[in-house]
Amino acid sequence: MRIAVPNKGSLSEPTVEMLREAGYRVRRDSKELIVADQDNDVEFFYLRPRDVALYVGKGQVDAGITGRDLLLDSGSTATEVMGLGFGGSTFRFAGRPGEASSAADLDGRRVATSYAGLVRSHLEAKGVIADVVRLDGAVETAITLGVADAIADVVETGTTLRQQGLEVFGEPILRSEAVLIRRADASEGGIDVLHRRLTGVVTAREYVLLDYDCPAAIVEQAVQLTPGLESPTVSTLHDETWCAVRSMVPRGRTNRIMDELYDLGARAILVTEITACRL
């Protein structure tokens, strides 16, 4: 199976790390453009981030990892399989204060962006006819230089926009993240394995394994705090008045759950990292 991944940019290193965690062989040198993983019967092609979706859509590769924004902007026929939980960004309109409050106010006006396909499709879906000006960079200065009346770009803190005297307006155009994509006729076998492995990595990053002991009399209250994915494991200890409980819990809530369990009467509360899983 052939898989395309970003060769540079903000998505490149996180993608390589996720593939490594999923058990694949990845490149060790940024100059490597093709890496053959014979153990997993996979070839990785390191391509420009903007080209990944195009190669997948045209069938030159079976699957790829890229940004949702780049996928939609490309117009490729590739389809999204799953979000990967990194590379998050929000795509929004911005302009001078008071000049626009929604996408409808852009009708008949000029909008500068590096994502012309994405913005044009978004505006057309809303019935807005605007002149979309494609720029390769420095979109924030387009209004100051008279190239456009508004811009559409990735917004994180908004600091760069404020420095140019701009503010965001309207609803977000898109909330993006890194995604696994596939071509329409790719074989199910290879894609399914890749999908399961990446799902395992995403889950391992979102959950930890929690073990604790609690009096048998409160076990029902305790497992309400740690229901797990299907159901927690509950075992009777040598002292039959106590139980041992094991469950997966969301990483972000771990310490709060531990506090609540302790207050309830649980003891020997232990947290273990999950390095991989299949669900």
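This is a predicted model: local features need pLDDT of at least 70, side-chain atom pairs count only at pLDDT 80 or more; totals for chains, interfaces and linings use all residues.

Reader: Which residues of H2 are buried?

Author: An α-helix has 3.6 residues a turn, so residues three or four places apart point the same way. In H2 the buried residues are Pro-49, Asp-51, Val-52, Ala-53 and Val-56; buried means under 20% relative accessible area, exposed over 50%, and partly exposed in between (1.4 Å probe, protein chains only). These buried residues pack against S1, S3, S4, H3 and S11, where contact means heavy atoms within 4.5 Å.

Reader: What is the order of the strands in the open sheet?

Author: Strands of a sheet pair through backbone hydrogen bonds, either parallel or antiparallel. Here six strands form an open sheet in the order S2-S3-S1-S4-S11-S5, and the pairing is mixed; two strands pair if DSSP finds at least two bridges between them. At the edges are strand S2 (34–37) and strand S5 (79–83), each of which pairs on one side only. On average, neighbouring strands of this sheet are turned by 25° against each other, direction ignored.

Reader: How many bridges join S4 to S11?

Author: Strand S4 (residues 63–67) and strand S11 (residues 178–182) run antiparallel and are joined by five bridges. Within this pair, Gly-67 stands opposite Ala-178 in S11.

Reader: Where do the helices lie on this sheet?

Author: Helix H2 (residues 49–57) lies across strand S1 (2–6), strand S3 (42–47), S4 and S11, and runs at about 145° to S4. Helix H6 (residues 188–206) also packs on the sheet: it touches S1, S4, S5 and S11, and its direction makes about 30° with that of S5. Axes are lines fitted to C-alpha atoms, for helices over the stretch in contact, and angles run from 0 to 180 degrees between N-to-C directions.

Reader: Which strands pair with S14?

Author: Strand S12 (residues 207–215) pairs with strand S14 (residues 242–250) in the antiparallel sense over nine bridges, and Asp-213 stands opposite Ala-244 in S14. Strand S13 (residues 233–236) also pairs with S14 in the antiparallel sense, over four bridges. Ser-235 has Ala-244 as its bridge partner in S14. S13 and S14 form a hairpin, with five residues between them.

Reader: Where is Asp-41 placed, and is it buried or exposed?

Author: Asp-41 is in the loop between S2 and S3. Its phi is near 55°, a positive value in a residue other than glycine. Asp-41 is exposed, with a relative accessible area of 60%.

Reader: Where does Ala-268 lie?

Author: Ala-268 lies in strand S15 (residues 267–273). Although it is not a glycine, Ala-268 has a positive phi of about 50°. Ala-268 is partly exposed, with a relative accessible area of 47%.

Notes:
Residues are numbered from 1 along each chain as its sequence is written. Side-chain values use heavy atoms; hydrogens and water are left out. Helices (H or I, at least four residues) and strands (E, at least two) are DSSP runs, numbered from the N terminus.
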